[in-house]
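Let me put the chain up on the screen, and then I'll walk you through a few spots in it.

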Amino acid sequence: MGYPRDYKANDDAIEYNADNARFMNNSSQPNTYQHHHRRLLTARQVQPDEELTYDCFSVHA
């Protein structure tokens with residue numbers, strides 16, 4: 001997945017997401033959250049075989 005590095009700067013730089021977050025799905029009630037714009041942490045106990053979800057509209061805000 002590629003996306004603008006900083007959408008506010010509008011400098012045409014593209015960042016490529018090569019970490020495991022590319023396997024996560026968007027949710028309006030995610031079980032993870034972004035801490036200090038760096039790490040994704042679980043918001044609650046995640047069960048075995050439960051998919052990891054996050055709110056993709058809040059990650060780069």
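Let's start with Asp49, which is exposed because its relative accessibility is 86%; exposed means over 50% relative accessible area, buried means under 20%, and partly exposed is in between, with a 1.4 Å probe and protein chains only. Asp49 sits in the loop between β5 and β6. Its phi is positive, about 70°, although Asp49 is not a glycine.

Before I go on, a word on where this comes from. This is a predicted model, so local features need pLDDT of at least 70 and side-chain atom pairs count only at pLDDT 80 or more, while totals for chains, interfaces and linings use all residues. Residues are numbered from 1 along each chain as its sequence is written, and side-chain values use heavy atoms, with hydrogens and water left out.

The chain has one helix and six strands, and from the N terminus the order reads β-β-β-β-β-β-α. Those are DSSP runs, numbered from the N terminus: H or I with at least four residues for helices, E with at least two for strands. Of the 61 residues, 18% count as buried. The chain exposes about 5,200 Å², and carbon and sulfur atoms supply 48% of that; the areas are Shrake-Rupley with a 1.4 Å probe, and for residues only the protein chains shown count as cover. As for contacts, meaning heavy atoms within 4.5 Å, residues 24 or more positions apart account for 35% of those with a separation of 6 or more.

Back to that loop between β5 and β6, where we also find Glu51. What does Glu51 touch, leaving out residues up to four places away in sequence? The answer is Asn25 and Asn31. With Asn25 there's a side-chain to side-chain polar contact at 2.7 Å; that term means a pair of N or O atoms within 3.5 Å, where within protein one must be able to donate a hydrogen and the other to accept it, and residues adjacent in sequence count only if both atoms are side-chain atoms. Glu51 and Asn25 are 26 residues apart along the chain, and their C-alpha atoms are separated by 7.8 Å. Glu51 counts as partly exposed because its relative accessibility is 46%.

Next, the hairpin. Strand β4, residues 32-35, runs antiparallel to strand β5, residues 39-42, with four bridges between them; for two strands to pair, DSSP has to find at least two bridges. His35 stands opposite Arg39 in β5. Three residues lie between the strands, and in this hairpin His36 takes a positive phi near 50°.

Last stop, Thr32, in strand β4. Buried or exposed? Thr32 is buried, because its relative accessibility is 6%. Beyond four places in sequence, Thr32 touches Met24, Leu40, Leu41, Thr42, Ala43, Leu52, Thr53 and Tyr54. With Thr53, a polar atom of the Thr32 side chain lies 2.6 Å from the backbone oxygen.

That's my tour, thanks.
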